[in-house]
Structures are given as structure tokens and as C-alpha cells.
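Hello,

Here is the structure I said I would pass on. My notes on it follow below the display.

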Amino acid sequence: MFPVIKVDDSKCGVALDCRLCLLACPTRVLGLGTSVGPKKYQETDPSRFIVRGVRYQFCTVCGKCEEVCPHGAIEVSFDRGGVTA
Amino acid sequence: MCDWCEQYGGGYERWYLNPANYARRLYKVRREEAEASGAEANPQVAGGMGVVGREFMEAQARGDHETVDRMRREAEQRTWQVHFGQVVTKEDLDRIIDMIYPIGLMTCACRRSMRGLPDEDNFTCVGMGPGMYKWERWPDTYRGGMNFLTPEEAKHVFDVLNRRGLVHVIFTFGTPYLAGICNCDYPDCGAVRNALDMGVRVVWKGHHVAEVDSDLCNGCGLCVRRCQFGALSFSPSTLKAYIDPFKCYGCGLCRNPCKPDAIEMVERASLPTVANVW
């Protein structure tokens, strides 16, 4: 019913600095977060920042995030229920 | 009446004008959080800023109102206990600034999550009260550092943010402890998105409602782009601004560009059917 957005963290670079996919998404579907909670006296290392699909209901499967990713780390798929375009 | 004024007003005109809600005794020492067991287990950590997830959207899409209502209620109860906000006008904000100290300008977590905004471009969030003395303990929450402001400087900063079109929202950190003033817009504020996209009231409407005086309105339309809540539109039939009082969040931003001063903020409580629309 909604698209599935897969991000391969091992391929994704330093998301906090790159942020190309966040900027490319016309409807702000993606979110930037961290794979760890905040720690006392410790700043989260930029490598622990991750991108996830969050606001799926606004995803049009336009593919802009996939196109713009320099590492091919994002994959958006949509099950049309057997109907092909 | 506003639930929060009723519970935490303490005889003051509004709950956020009650000094007790800013007091040191309410400040809770923050504890270390357990490592998330995989980012998906904790959408907040994973950067969603969403208080409900895919399951909620799917229930909504298939018209399962029961599940939607239940999940919405649960999310609201959770967020109202811990961290939620209410829109405040610039006038009320000035009164708040005269009560609180210290005041710190910091980076916005929502815009970091939505846009990955670099710290230097992201100072739109204000923290206040006892927690600010301890900001250095939590460098990740306060990425980019902290700029402490005098009350006069704070009023100036809010003025600039207001002119940019950002809506002031006062936030609890362990209700009723008030310790933050966010400056929000759609679509980059997580709280506003939860309220508008999901109907989960992480942001409550404020104590005022904007009204247009059609005789004064000159039809310039400058106010329309100031509304972040879809409450203000331009009517092509009358060539005047139109405000839906049931959608209005009462921020007052639409007033600022209005040359003929045609928009007035009226007390929500003065309109019986809107009085409890939060």
C-alpha cells in the first residue's frame, strides 16, 4: 500500500555531511537520525548517522533519492499488486 | 478551557505564564539512554521525529478508524506526559522571556533530521531554564554549541525568526516543566507535521484565533504565505483574505505583513465553538 524504502547503511557514506537524498526528496519522506541514543559527554560520531524512510504516505516513488545517491544505497520499491504500468 | 491551564495554571492567566512551570524543582536530571536495539526499534533515534509510524499510516489508508484512534490516543498520552508544545503569540512570548533565565540559542533537531542542515545554518531553537547550565554534558543534543542570550537579545532573535515566518511554540520537557521555544514551519518541523499530517497533537493550538476585518483588508494577499497551518487562504470571489477559525493555530504571524492592520487576534475563549478546538 505504501512504498518500501530500504537504505543500506554499509553503502551509505557520512549521511550527516552528504544529505543529498534528504535535499532531493520533494516531499520530505526521508529522515536523518542516529543508530545510537545520545550519550553523556559524547558527541555521536558522524558515521553513526543514518537515513530512513519516515513519512511514507508522501512518497510518490519518483526515484530522485535513488538517482542522487552516489553509493546506490537507497532502494525504493512499490508493490502494484501484480499490475504493471 | 485549555487542559494545561486548568491543570497547571496555578491561578495565572495561562499555564505558560505560571513561573512554577519553569522552576528548578521540576527539572529532571537526564539519564543515559540505553543503546537502541537496532535503529528501527526507536524511530525517534532513527530520525523520524514521528510519534507514530508506518502501522498508523497503513491503518489510516485502509480506513481502520478504530486502530487509528487508538494509536493516536496512545501517542498523544505519551507525548503529552513528556514533550509537547503549544503555539504562543509574540506578545505572550515577550512576557515569557521576562520570566525565564538563562536563555540559550541552539540548533534545531527537526531541521537536522529533515534537511541535514549544517549547524551554522541551524540556530533556530531556544532552550531555557536550569537545563541550560548543563548543556555541555549532552554535546549531541546541543550539536553546534550554545549561544547564551540576554532577554533583550532573545527578543531580537525571536523578532528575526518571526519575520522569517517561523511560528513560536513553547515545549515541555517532562510536563509541566517548560524549557524550550521552538520556531517551527511546515514541512520541516516534526511536531507540526505530527499535528497536521497525522492529527496527533504534539502541538496544541494557542490561546488566540486570527480574524480578518473584510472592510479593512485591501486584498494584497501577503498574509497567505505566512500561514503554516493551511488556515488562511485568498478568496478569489471577494479578493480578500479568508481565515478558517477552526484550523487557525493562533500564532499571529499573518498580522505582520498586513499594511491596513486588518487582522486581529481574538481570545479563543471568546468564541464558544472554537474555545475547545486545540
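In what sense do β2(B) and β4(B) pair, and over how many bridges? The pairing of β2(B) with β4(B) is antiparallel, over three bridges. One of the residue pairs there is B:Gly104 with B:Phe148, the latter in β4(B). Please keep in mind that this is a predicted model.

Strand β2 of chain B (residues 103-106) also pairs with β3 (residues 125-128), again in the antiparallel sense, and four bridges join these two. Here B:Leu105 has B:Val126 of β3(B) as its bridge partner.

These strands belong to an open sheet of seven strands in chain B, with the order β4-β2-β3-β6-β5-β1-β7 and mixed pairing. The edges are taken by β4 (147-149) and β7 (203-204) of chain B; each has a single partner strand, so one side of each has no neighbour in the sheet. The partner of β7(B) is β1 (residues 85-87), which runs parallel to β7(B) and is joined to it by two bridges. B:Gly85 is bridged to B:Val203 in β7(B).

On the domains: chain B is assigned a domain 1 (3-25 + 83-204) and a domain 2 (208-270). Their C-alpha centres are 24 Å apart. Twelve residues from domain 1 of chain B and eleven residues from domain 2 of chain B make up the contact. On the domain 1 side, the elements giving two or more residues are α6 (151-164), β5 (167-172) and α7 (190-198) of chain B. That side of domain 1 of chain B has five nonpolar, four polar and three charged residues.

Regards

Methods:
Residues numbered from 1 in each chain as written. Chains lettered and ligands numbered in written order. Predicted model: local features only at pLDDT ≥ 70, side-chain atom pairs only at ≥ 80, totals over all residues. Pairing = 2+ DSSP bridges. Domains from an automatic or database assignment. Contact = placed C-beta atoms within 7 Å. Nonpolar A, V, L, I, M, F, W, Y, C, P; charged D, E, K, R; others polar.
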